[in-house]
Amino acid sequence: MVDDSGLQALREAARLSPDNLPLRRHLADLLLAQGYLAEAEGEYRAALVLAPRDPGITAGLAEAFARQGAYGAAMSALEPFLAQPGYPPRMGVIAARALLGEGDLAQAGFRYHEAVMREPGAADADLAARLAAPVKAEPQPVDGPAEPYEEEVAARRSSVTFDDVAGMEGVKEALRVKLLLPTQQPELFAAFGKRAGGGVLLYGPPGGGKTHLARAAAGELGAAFVSVGLADVLDMYVGQSERNLRDIFDAARRSAPCVLFFDEVDALAARRSDMRQAHNRQVVNQFLAELDGVDDKANEGVLVLAATNAPWYIDVAFRRPGRFDQLVFVPPPDLAARAAILRILCRDKPLAEMDFEAVAKATADYVGADLKGLVDRAVEDKLRESIAAGRPVPLTTRDLLALTKSQRPSSVLEWLATARNYVMHANDSGAWDELLPWINRKR
Ligand code: ADP
């Protein structure tokens, strides 16, 4: 399902001369760079048949695996190389991404730092940020000291509500019914024999507003908001990650009514069949046990929300009733939603005039986070101008339009290409039906 005509031509050429290794390699690299991950995987596999154990091709294949969330497969491809000293640093970075996906923070940190020390150009800011938890390179000790959890993650009041979330009317409505109505109108739900409970899994492209929505849901409910990142759970000590999860749920129960939000949940809830290490499977089991609670009332007043960019890697056990039994797609914003997001982002900024529709038109394929980046940069520029001028210089439409020329949107197209693969090839249960209109849309 490759849209690009240049790539199509190359694929045709590779089909006609299947033994042309440089051609296959080039094609695979291009497919990977453009985010056609499943297609890239296929080409790298074919290239490896021609050149077994080629490090560049193996690295490409492993990257294609890792970016599709097949972390175990990525590590299997890399392991023969990683066992040798002086392996290509790029492989170390890919291994770090896969290990992080598997929940092995300590090994991920070790691989990453080792690779970047040898080849600073291999650094990856996003990965480094996700690894930012304290990481040591020693092998895993059995059992470690339990640290009091409350010191690290706190329940906070959320000051944002659904009024601060532009567009997304369908998503907000789904959350209202799921999260808000049962607590606001319990009699109605009791009359229909439905009880509050069960979590919602928000999925969609990175930067699309999932965290923002979760925080707004807490504000809308007047509930406390507990936000949990990977680094709050994963720990190098065997058994400690499970204890962290238990403590997080206990803290949320004590703060009820509370929205407990798990970001990047695919790493904590990945398919157990994809995991190579037993202790990672234990984390998944503990997570399931906490979601179920010891009895019906255990999680009363705790609404569990989770966000992921890769819902297809989540163990199906998480989708059973009472767990994350509702999947909600948080789509990339359309034209009207982009204008509305820009309006909210510029709400308290000094504006001369602002044609929000014009900026929205110039920012196709931008997600909320991209729009926020755009406005933040424009405001910084204006601040500098204002300081130089000695008076406030307001923001204009032209300022934002000018910046759209140099700031490219993040990875929505790449994300939709990956999503398309899953919807086309693995949608037997109909779980991804909500995505269909998006991935078939002509752009
Ligand atoms: P995700 O969790 O999906 O990666 P975030 O929630 O972190 O995305 O979004 C990044 C930022 O983009 C938010 O902090 C918010 O400022 C802005 N944003 C995204 N979507 C919206 C929206 N619908 N309305 C207002 N702001 C938004």
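The legends below describe close-up views of a predicted model. In this model, local features need pLDDT of at least 70 and side-chain atom pairs count only at pLDDT 80 or more, while totals for chains, interfaces and linings use all residues. Residues are numbered from 1 along each chain as its sequence is written, and side-chain values use heavy atoms, with hydrogens and water left out.

**View 1. The shell around the ligand.** The ligand is surrounded by 15 residues (a heavy atom within 4 Å). The closest are A166, G207, K210, T211 and H212. Six residues of the shell are nonpolar, six polar and three charged (Ala, Val, Leu, Ile, Met, Phe, Trp, Tyr, Cys and Pro count as nonpolar, Asp, Glu, Lys and Arg as charged, and the others, Gly among them, as polar). Helices α11 (210–221) and α17 (368–389) each supply at least two shell residues (helices are DSSP runs of H or I, at least four residues; strands are runs of E, at least two; both are numbered from the N terminus).

View 2. Polar contacts here are pairs of N or O atoms within 3.5 Å. A polar side-chain atom of K210 is 2.8 Å from a ligand oxygen atom. A polar backbone atom of A166 lies 2.9 Å from a ligand nitrogen atom, and a backbone N or O atom of G208 lies 3.2 Å from a ligand oxygen atom.

**View 3. Two backbone features.** The peptide bond from A256 to P257 is cis, with omega near 0°. P257 lies in the loop between α13 (240–254) and β4 (258–262). E264, in the loop between β4 and α14 (278–292), has a positive phi, near 50°. Most residues other than glycine have a negative phi, and most peptide bonds are trans.

Methods: Polar contact = N/O pair within 3.5 Å; in protein donor to acceptor, adjacent residues only side chain to side chain.
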